[in-house]
Amino acid sequence: MSENFENELRRALRPVDAPAGFTDRVMRALPARRDPAPAPVVNELPAQRLMKRFGIPMAFAAALVLSVILGQHVADVQGQRMAEEREAAGLAASRELMQALHVTSQKLDLAYQAVKTPPPPAGDEENRT
Amino acid sequence: MADALLVRARAGDPDAFAELVRTHQGSVFSIGYRMLNRRDAAEDLAQDVFLQLYRKLDHIESLEHLGFWLRRVAANLAIDWIRRLPHTSTQPLDEGAAVEAPHREEDPFMSRELERLLGELSPSARAVMLLRYQEDLDVADVGAALDMPVNTVKSHIKRSLTQLRSRMIGAKLVSAEELS
């Protein structure tokens, strides 16, 4: 759009004077006294304003995250303990089995020795009687 | 310091407040007059604006803020009045009640016609044009004053200029060459 026209518009739209006596008219219409000023707003730091606005949701979110992390940790510890218990029980069973096999082996040796040793001769019995 | 006037007015000094009114009454009255097209309505509107100012003085931060605040309130109040009382926007400018515009050197007939054609724009477009060309606010400030996006302000200005220009040419008030 042409600059000429915009300038023409500016000239045409120069502010006009208010009617004579306008200031007096306004002053007469003023109320006797102004409303008291609003209570001064305590200057808050941005962090304080954020806390006031988002404090409760943030606390909920933090509590939720914390409980998830804590739950995970407890589950890990319990799992580890159960694994250790299972491993100890397995070792004990293995030891008992080994001991049982050892005892059995000894008994078998004794039995084999007993079988292998020749019986005493029959004359010995007669001489004694 | 100019802001001392504001401090005195806040403290309840009537002379200081009267000085603030005198300084800005032309601007506020002009917005009302060209928005409402009636001198009496413009006076009522301007008085209403200054009464609001009196109540809100504690919220005004500086004289610069004061000027912006007054223009914003005047323009929005005028739009509100037009919407509530639609006839105010369609009436011609008061005949025989010409207001004084100091130091005019241009063709008074042309100015009168431009004001009349301005009155045919929608209230929002008229407010945009007045704040832009009468009050010389930049586009961003016009948007801030009317709670309007900058792009909307720009499109109002473009459409209104085209409309005004074609009406002026159509009415043979000017030739296309003069406005080019």
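**A walk through a predicted two-chain contact**

Setting aside residues up to four places away in sequence, B:Gln47 touches A:Phe22, A:Arg25, A:Val26 and A:Ala29, where contact means heavy atoms within 4.5 Å. This is a predicted model, in which local features need pLDDT of at least 70, side-chain atom pairs count only at pLDDT 80 or more, and totals for chains, interfaces and linings use all residues, while side-chain values use heavy atoms, with hydrogens and water left out. Residues are numbered from 1 along each chain as its sequence is written, and chains are lettered from A and ligands numbered from 1 in the order in which they are written.

B:Gln47 sits in helix α3 (residues 39–56) of chain B; helices (H or I, at least four residues) and strands (E, at least two) are DSSP runs, numbered from the N terminus. With a relative accessible area of 15%, B:Gln47 is buried, a word that stands for under 20% relative accessible area, whereas exposed stands for over 50% and partly exposed for what lies in between (1.4 Å probe, protein chains only).

The contact between the chains also involves charged side chains. B:Glu43 and A:Arg25 meet in a salt bridge, with 2.8 Å from N to O, and since B:Glu43 lies in helix α3 of chain B and A:Arg25 in helix α2 of chain A, the pair joins two chains. A salt bridge here is a side-chain nitrogen of Lys or Arg within 4 Å of a carboxyl oxygen of Asp or Glu. Side chains of opposite charge can pair when their charged atoms come close. B:Glu43 is buried, at a relative accessible area of 17%, while A:Arg25 is partly exposed, at 23%. B:Asp44 also forms a salt bridge with A:Arg25, the closest N and O atoms being 2.6 Å apart, and this pair likewise joins two chains, because B:Asp44 is in helix α3 of chain B and A:Arg25 in helix α2 of chain A. B:Asp44 is partly exposed, with a relative accessible area of 38%.

Over all chains, the structure holds 13 salt bridges. One within chain B links B:Glu19 with B:Arg22, whose closest N and O atoms are 3.5 Å apart. These two residues are 3 residues apart in helix α2 of chain B, so they are separated by about one helical turn. An α-helix has 3.6 residues a turn, so residues three or four places apart point the same way. B:Glu19 counts as partly exposed at 34% relative accessibility, and B:Arg22 is partly exposed at 43%. Elsewhere, B:Glu113, B:Arg116, B:Glu120 and B:Arg167 are linked in a network of salt bridges.

B:Glu113 also leads us to helix α6 (residues 108–118) of chain B, where it is one of the buried residues, together with B:Met110, B:Ser111, B:Leu114, B:Glu115, B:Leu117 and B:Leu118. The cover over the buried residues of this helix includes α1 (3–12) of chain A, along with α2 (14–36), α7 (123–134) and α9 (150–170) of chain B.

Taken as a whole, chain B has 9 helices and 0 strands, and 52% of its 180 residues count as buried. Among contacts in chain B between residues at least 6 apart in sequence, 64% join residues at least 24 apart. In the largest nonpolar core, which has 67 residues, B:Phe17, B:Met35, B:Leu53, B:Met129 and B:Leu146 touch the most other members. Such a core is a set of buried Ala, Val, Leu, Ile, Met, Phe, Trp, Tyr and Cys residues joined through side-chain atoms within 4.5 Å. Helix α4 (residues 63–84) of chain B supplies the largest share of this core, 11 residues. Apart from its neighbours within four places in sequence, B:Leu53 is in contact with B:Phe17, B:Ile60, B:Leu66, B:Trp69 and B:Leu70.

Two loop residues of chain B deserve a look. B:Asp136, in the loop between α7 and α8 (139–146), has a phi near 60°, a positive value in a residue other than glycine, and it counts as exposed at 51% relative accessibility. B:Asp147, in the loop between α8 and α9, has a positive phi of about 55° although it is not a glycine, and it counts as exposed at 69%.

Finally, we turn to confidence in chain A. Its mean pLDDT, the predictor's confidence in each residue from 0 to 100, is 83, and 81% of its residues reach 70 or more. Within chain A, confidence is highest in helix α2 (residues 22–29), at a mean of 93, and lowest in helix α4 (residues 123–128), at 56. Where pLDDT is low, the predicted coordinates should not be read in detail.
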